Amino acid sequence: DPAAYDAVFLDPARRGAAGRVFDPMAYSPPWPQALELAGRAPAGCVKAAPGLPYHAVPDGAEVEWISYRGEVKEAAVWLGAAAEPGPERFTRRATLLPAGVTLRADPDLPPAEPGPVGGYLYEPDGAAVRAHLVAEVAALVGGRLLDPRIAYITADEPVFTPWAACYEILETMPFSGKRLRAALRARNVGNVTIKKRGSAVDVARLQKELRPSGDESLVVVLTRIGDKPVAMLCTPLPGPGAGTGPGV
């Protein structure tokens, strides 16, 4: 009986005969049963996939999204005495490993506002994005959103934080494969890393179309500002940011 213990930790199986399971109702035990078991103890924690739907989080819980070296690996749902209460239906936080730093939602912080493109681009860590902490990251770097629906932040100065990878923006242009190819050729770029958020471009196909050749390396960020698709030519800045994950 879980109630006989001070704390209970559950790690429901997330694999079935066909491979990895993403629907919490298909976990073993299913999500409601896992929550009920852990909830019997004074303190509980249930491990889940990072894509856990927000509606599956019980009232009064605290959810912690965990990123390891730039990749979001899991979510931990804390229950009872293990959860830190807050003003919302459930509390949100993100944790970076191996650094062990945690960022919590600030209930007094207004939503991040969009603004003009600055000299620097910030890519928040995926754990902060899943935890809806983009406004908190924007406040850390003194930045603004490129678009209110996309988790890219821009600012006028470089600020290094473990919560976001920082890139210097060399050029911003309306997206066009032909125009992008010409810009890379003009900069003698042969090694291209493509990242995207809010873009419908097929990255594998674009890589083949660009046919980069040269000695320089650049990061190309595909996104949109309003309803306009854009491409940004960037160079990563060294620092403790989250830019260790793969390009998308």
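Burial first: I call a residue buried under 20% relative accessible area, exposed over 50%, and partly exposed in between, using a 1.4 Å probe and protein chains only. By that rule, buried residues make up 42% of the 248 residues in the protein chain.

A note on what I'm looking at: this is a predicted model, where local features need pLDDT of at least 70 and side-chain atom pairs count only at pLDDT 80 or more, while totals for chains, interfaces and linings use all residues. Residues are numbered from 1 along each chain as its sequence is written, and side-chain values use heavy atoms, with hydrogens and water left out.

**Overall build.** I looked up the secondary structure and found five helices and 15 strands. Helices (H or I, at least four residues) and strands (E, at least two) are DSSP runs, numbered from the N terminus. The C-alpha trace spans about 70 × 45 × 35 Å along its principal axes. For contacts I used heavy atoms within 4.5 Å. Of the contacts with a separation of 6 or more, 71% are between residues 24 or more positions apart.

**Cores.** A nonpolar core is a set of buried Ala, Val, Leu, Ile, Met, Phe, Trp, Tyr and Cys residues joined through side-chain atoms within 4.5 Å. Which residues have the most contacts inside the largest one? They are Trp31, Val46, Val77, Tyr122 and Ile153, in a core of 42 residues. Apart from it I found another core, of 16 residues, with Leu184 and Val220 among them. I then picked Tyr122: leaving aside neighbours within four places in sequence, its contacts include Val141, Ile153, Pro158 and Cys166.

**Asp125.** I found Asp125 in the loop between strand S9 (120-124) and helix H2 (126-130). Asp125 is buried yet has no salt bridge, meaning a side-chain nitrogen of Lys or Arg within 4 Å of a carboxyl oxygen of Asp or Glu. The nearest side chain of opposite charge, Arg197, is 8.0 Å away. What does the side chain of Asp125 make a polar contact with? It is the side chain of Ser67, at 3.0 Å. A polar contact is a pair of N or O atoms within 3.5 Å; within protein, one must be able to donate a hydrogen and the other to accept it, and residues adjacent in sequence count only if both atoms are side-chain atoms. The backbone nitrogen of Ala127 also lies 2.8 Å from a polar atom of the Asp125 side chain.

**Asp147.** This one lies in strand S10 (residues 144-147). Why does Asp147 count as buried? Because its relative accessibility is 2%. Not counting residues up to four places away in sequence, Asp147 touches Arg224, Ile225 and Gly226.

Terms used. Lys and Arg count as positive and Asp and Glu as negative; His and the chain ends are not counted.
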